[in-house]
Amino acid sequence: SGTNISRSLGGRCIPGLPDNPSVIQKSKMTVFGLKEGAILVIACDGLWDFVSSEEVETLLKEPHHDVAQALVELALSR
């Protein structure tokens, strides 16, 4: 699962009712343990809406000079 950017930024300045806010200002946090040598990919919906975790993992196993650029190009191709 990914991070919802609007939750990360909060929504106190966006109008709404106290019991029904326009944007939820309470962040959602998930904690994962990483093993030594693991690779962490932090990306927004612009990547995750178009590229699956499995596709990212496959791309990371291939030799690329610029992995970030390769991810951008893969998302844009969709």
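Residues are classed by relative accessible area, with buried meaning under 20%, exposed over 50% and partly exposed in between, for a 1.4 Å probe and protein chains only. The structure is a predicted model in which local features need pLDDT of at least 70 and side-chain atom pairs count only at pLDDT 80 or more, while totals for chains, interfaces and linings use all residues. Residues are numbered from 1 along each chain as its sequence is written, and side-chain values use heavy atoms, with hydrogens and water left out.

The chain contains four helices and zero strands, where helices (H or I, at least four residues) and strands (E, at least two) are DSSP runs numbered from the N terminus. Read from the N terminus, the order of elements is α-α-α-α. Of the 78 residues of the chain, 13% count as buried.

The loop between helix H1 (5–9) and helix H2 (45–48) holds Ile 42, and Val 41 also has its place in the loop between H1 and H2. Val 41 is partly exposed because its relative accessible area is 24%. In contrast, Ile 42 has a relative accessible area of 74% and is therefore exposed. Together with Leu 34 and Leu 40, Ile 42 makes a nonpolar surface patch of about 370 Å². Such patches are made of residues with over 30% relative accessible area and no salt bridge, like charges being joined within 9 Å and nonpolar side chains (Val, Leu, Ile, Met, Phe, Trp, Tyr) within 5 Å. The accessible areas come from the Shrake-Rupley method with a 1.4 Å probe, and for residues only the protein chains shown count as cover.

Two packed helices are described by the angle between their axes and the distance between the axes. Helix H3 (residues 53–61) packs with helix H4 (residues 67–76) at an angle of about 140°, and their axes are 11 Å apart. H3 is therefore oblique to H4, given that angles under 35 degrees count as roughly parallel, over 145 as roughly antiparallel, 65 to 115 as roughly perpendicular and the rest as oblique. Axes are lines fitted to C-alpha atoms, for helices over the stretch in contact, and the angles run from 0 to 180 degrees between N-to-C directions. H3 and H4 cross in a right-handed manner; a crossing is right-handed if the near helix is turned clockwise from the far one by less than a right angle, and left-handed if anticlockwise.

Helix H4 includes Leu 76, which is exposed at a relative accessible area of 68%. The C-alpha atom of Leu 76 is separated by 8.2 Å from that of Phe 50, although the two residues are 26 residues apart along the chain.

A salt bridge is a side-chain nitrogen of Lys or Arg within 4 Å of a carboxyl oxygen of Asp or Glu, and by this rule the count is two. One is formed by Glu 55 and Arg 78, whose closest N and O atoms are 2.8 Å apart. This pair links distant parts of the chain, with Glu 55 in helix H3 and Arg 78 in the segment after H4, 23 residues apart. Glu 55 is partly exposed at 29% relative accessible area, and Arg 78 is partly exposed at 47%.

Glu 57 forms a salt bridge with Lys 61, the closest N and O atoms lying 3.5 Å apart. Both residues belong to helix H3 and are four residues apart, about one turn of the helix. Glu 57 counts as partly exposed because its relative accessibility is 45%, whereas Lys 61 is exposed at 66%.
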